Amino acid sequence: MFLIQKFISFFILSPVPFILIIFLIGVSNIKDRKFKSGFLLFIISGTLYLFSCEFFADPIILNLEKRYPIIEQENIEKGEVYILLGGGIITNTLEGNIPTKNASVRIMKTLELYNKNPKKIYISGGSPLQNKESESSVYKRELILLGVPSEDIIIEEKSNTTKENSEYIKKMMIKNNIHSGILITSAIHMPRSMNVFEDSNLVFYPAPCDFLAHQEKQNNFSYMPQFKVFKDLYSAFWEYVGIFYYKIKHSLSK
């Protein structure tokens, strides 16, 4: 009974109806000898199906997430400060300004590491969408509510991109005579972040979190289209484009 309910909910509250409609219109066009539009609709419906299924998206996402493993205790001890990168906020909710879901995972990872080995927390995140309150100030408030002393949290509110995160955090580290830090961000975002933070005078230890992909196919529902997969795959493509951009920019600057 549970599987039947799950299947019905997947079918109704998923891209399946839209994919089927596009596919059936394609079939109709083929029958009416409108071959070009028919085949185009087949391609569109097939692409939408693949891009919304975990079995297709997971390997693409996993290729980013597996590049940096879970941080080991040895590296937690080596890093002099924790560096929490911004991941967005949701503004004007009934609870006020709050972290996005992926930012909340980063905050909880920071708290987990802080409880294991307390040290200063640098939070980097401005107001990319011209919000009245910065990402870093929202995250700081959350960490204080979770028990982290205010004096252990240092924020910078000017950065709006990963590149600017790197620039402002490095300036803070040099100013405070800090030579190493533990970089906390989503696993999918970590490869680009490590590329951007790379520095000959500073050391950064990756502490990925907020993992999205399955290492193995869990069940046949991985073949069922889901709206969530579109978002996850979009995030992966964004990271691939960012990595490619920074590599080209770095090679041209040599």
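This briefing describes the sheet, the helices lying across it, and the salt bridges of the structure above. The model is predicted. An open sheet of 5 strands shows parallel pairing, and the salt bridges come to a count of 8.

**Sheet**
- The strands follow the order β5-β4-β1-β6-β7.
- Strands β5 (153-156) and β7 (203-209) form the edges; each has a single partner strand, so one side of each lacks a neighbour in the sheet.
- From one strand to the next, the twist averages 25°.
- Strand β4 (residues 121-124) runs parallel to β5 and is joined to β5 by 4 bridges; Y122 has I154 in β5 as its bridge partner.

**Helices across the sheet**
- Helix α6 (residues 101-116) lies across β1 (81-85), β4, β6 (180-186) and β7, at about 145° to β6.
- Helix α7 (residues 135-145) lies across β1, β4 and β5, at about 165° to β5.

**Salt bridges**
- E239 and R192 form a salt bridge with an N to O distance of 2.7 Å. Because E239 belongs to helix α10 (residues 227-253) and R192 to helix α9 (residues 190-197), the pair ties together parts 47 residues apart in sequence.
- E239 counts as buried at 6% relative accessibility, and R192 counts as buried at 9%.
- K78 and E74 meet in a salt bridge of 3.3 Å, N to O. The two residues are 4 residues apart in helix α5 (residues 73-78), which means a separation of about one helical turn.
- K78 is partly exposed at 41% relative accessibility, as is E74 at 47%.
- E133 pairs with R141 in a salt bridge, their closest N and O atoms being 2.5 Å apart; R141 is partly exposed at 33%.
- A network of salt bridges links K109, E112 and K116.

Conventions:
Residues numbered from 1 in each chain as written. Predicted model: local features only at pLDDT ≥ 70, side-chain atom pairs only at ≥ 80, totals over all residues. Heavy atoms only, no water. Pairing = 2+ DSSP bridges. Axes fitted to C-alpha atoms, helices over the stretch in contact; angles between N-to-C directions. Contact = heavy atoms within 4.5 Å. Salt bridge = Lys/Arg side-chain N within 4 Å of Asp/Glu carboxyl O. Buried < 20%, exposed > 50% of the residue type's maximum accessible area, 1.4 Å probe, protein only.
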